[in-house]
Amino acid sequence: MSKGTLFDKVWEAHSVGTLPSGQTQLFIGLHLIHEVTSPQAFAMLRERGLKVPYPQRTVATVDHIVPTENQARPFADTLAEEMIQALENNCKEHGIRFYNVGSGRQGIVHVIAPEQGLTLPGTTIACGDSHTSTHGAFGAIAFGIGTSQVRDVLASQTLAMNKLKVRRIEVNGDLRPGVYAKDVILHIIRKLGVKGGVGYAYEYAGTTFEKMSMEERMTVCNMSIEGGARCGYINPDATTYDYIQGREFAPKGEDWEKAVAWWNSIRSDANAEYDDVVVFDAADISPTVTWGITPGQGIGIDESVPTPDSLPEGDRSIAEEAYKYMQLSPGTPLKGTKVDVCFIGSCTNGRISDLREAAKFAKGHKVADGVKAFVVPGSEEVKKQAEAEGLDKVFLEAGFEWRNAGCSMCLAMNPDKLQGDQISASSSNRNFKGRQGSSSGRTLLMSPAMVVAAAVNGSVADVRELL
Ligand code: SF4
């Protein structure tokens, strides 16, 4: 089914043909690359003597391995230095635009593309990173891809893809104080499961999303992949257009008018047919924190870690694994659990509005003794803006470290790592075992405001008590 949806329309507009495998050959309008998943893809191109035919449709930045303290070159980590050099060389060889450290445009790939006006409604976007779904906030169809697919897009500007079903996820009503976009998506994943979206694109609709800013919408779409969906999107509207207009790569003059007309035409029709529809009430959503080892293992801050018998049978074995790994007992509250590290950043929550909100709570408070707390802006542009607003000073005065842009402790491919079984309160998107750099490190996902509350209390806390 899924007729008359934005997904359907954008898919049709970008279909080049049907491959012998039955898959669609899909044209990719924008290819975003970074240092981790591209070197092998370029090597494969080189082996076959291929060139990048549309270099203007590829944009590169460096984010995963970038140190966020001392960025002097060569990087102290020789592997990181080799990776950045490989990207520099590959971009030079193929004529690809590269936003390097110090360019003023560097940052997490999913933060910089919207910032530059590269992410546009009705386009197809691919990147060798799972959280490419972020760009769906603009009404783009955006996929995370693997290294061999990065090669395919570099070589042909197309991808072989199976068409997805579409689930409309409606959330209506106003969010309660202390409840953010992060809580909304953690709630959705908790309810639908981490595999609930397999085979689907998620269309987020309803008054709650309509009222969200573009940055909040990005937080939601970013984590679609954590719910198993291949991509997630929101129909473009006036909020989308206001965000895009005037950015460097946004259409200008007459092209702008034409673009808006096209963007309006690709919105899902009022009578669109969906493969599935689920509806949530915003009033049911609390500040949410994960207690386990998947983003679906979340609870409201007032709830206790679920007991096995309160869970569906299929969720019990992963819950048992989580109790053990997280050293938590079923039936006990998460609130009050001591934290060691507090991290604000990532492509989920490292944008300027996230830092503004976090600073509001950090102002006038102090990070608890023994807690390491740090803020990593999502891009050089976010850092510059935050400093212009004095947010860096608010964080520093509160006892947070203020860093340079990068992925940092979202996946700890740089020196920012947990030690031993430390517990981290984190605004990132994955709480898998070992995700933050230590094989026994423990991650609790939450909104940036909740990370501040944890930092100030030295333990998992309810941000509404800081209001
Ligand atoms: S911040 Fe995390 S999820 Fe986002 S691109 Fe970097 S590593 Fe991937």
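Mentor: Start with Val341, in contact with Lys372, Phe374, Met409, Leu418, Gln422, Ile423, Ser424 and Ala425, once neighbours within four places in sequence are set aside. This is a predicted model, in which local features need pLDDT of at least 70, side-chain atom pairs count only at pLDDT 80 or more, and totals for chains, interfaces and linings use all residues. Residues are numbered from 1 along each chain as its sequence is written, and side-chain values use heavy atoms, with hydrogens and water left out.

Trainee: What makes Val341 and those residues count as "in contact"?

Mentor: Contact means heavy atoms within 4.5 Å. Ile423 is on the list. The C-alpha atoms of Val341 and Ile423 are 6.4 Å apart, while 82 residues separate the two in sequence.

Trainee: Where is Val341 found?

Mentor: Val341 is in strand 15. Strands (E, at least two residues) and helices (H or I, at least four) are DSSP runs, numbered from the N terminus.

Trainee: Why is Val341 called buried?

Mentor: Look at the limits: buried means under 20% relative accessible area, exposed over 50%, and partly exposed in between (1.4 Å probe, protein chains only). Val341 has 1%, so Val341 is buried.

Trainee: What makes Arg168 and Glu170 a salt bridge?

Mentor: The rule asks for a side-chain nitrogen of Lys or Arg within 4 Å of a carboxyl oxygen of Asp or Glu. The closest N and O atoms of Arg168 and Glu170 are 3.2 Å apart. That is within the limit, so the pair is a salt bridge. By this rule the count comes to 28 salt bridges.

Trainee: Why do Arg168 and Glu170 get their labels?

Mentor: Arg168 has 22% relative accessibility, so it is partly exposed. Glu170 has 18%, so it is buried.

Trainee: Which parts of the chain does the bridge of Arg442 and Asp421 tie together?

Mentor: The distance passes, at 3.9 Å from N to O. Arg442 lies in strand 19 (residues 442–445) and Asp421 in the loop between strand 17 (401–402) and strand 18 (423–426), so parts 21 residues apart in sequence are tied together. Arg442 is buried, at 9% relative accessible area. Asp421 has 35%, so Asp421 is partly exposed.

Trainee: How do you know that Lys211 and Asp174 meet in a salt bridge?

Mentor: N to O is 2.6 Å there. Lys211 sits in helix 7 (residues 207–211) and Asp174 in the loop between strand 9 (165–172) and helix 6 (181–192), 37 residues apart. Both Lys211 and Asp174 are exposed.

Trainee: Which residues are linked in a network of salt bridges?

Mentor: Glu69, Lys372, Glu401, Arg403 and Asp416.

Trainee: What makes a set of residues a nonpolar core?

Mentor: Its members are buried Ala, Val, Leu, Ile, Met, Phe, Trp, Tyr and Cys residues, joined through side-chain atoms within 4.5 Å. The largest core here has 57 residues, and those with the most contacts inside it are Trp291, Cys342, Leu355, Phe395 and Phe400. Among the elements giving two or more residues to this core are helix 11, strand 15 (341–344) and helix 13 (352–362). Helix 16 gives the most, eight residues.

Trainee: Which residues does Leu355 touch?

Mentor: Not counting residues up to four places away in sequence, Leu355 touches Ile344, Val375, Pro377, Val382, Ala386, Leu391, Phe395 and Trp402. A second, separate core has 40 residues, including Phe7, Val10, Ile84 and Leu159.

Trainee: Why is helix 16 called largely enclosed?

Mentor: Nine of its ten residues are buried, so the rest of the structure largely encloses helix 16. Pro448, Met450 and Val456 are among the buried ones. The cover includes strand 13 (288–290), strand 15, helix 12 (346–349), helix 13, strand 16 and strand 18. Gly458 follows helix 16, with a positive phi near 75 degrees.

Trainee: How many residues does helix 6 give to the lining of the largest pocket?

Mentor: Four, the most of any element. Three elements, helix 6, strand 14 (298–300) and helix 11 (316–326), each supply at least two residues of this lining. The lining divides into ten nonpolar, eight polar and five charged residues. Nonpolar here means Ala, Val, Leu, Ile, Met, Phe, Trp, Tyr, Cys and Pro; charged means Asp, Glu, Lys and Arg; the others, Gly among them, are polar.
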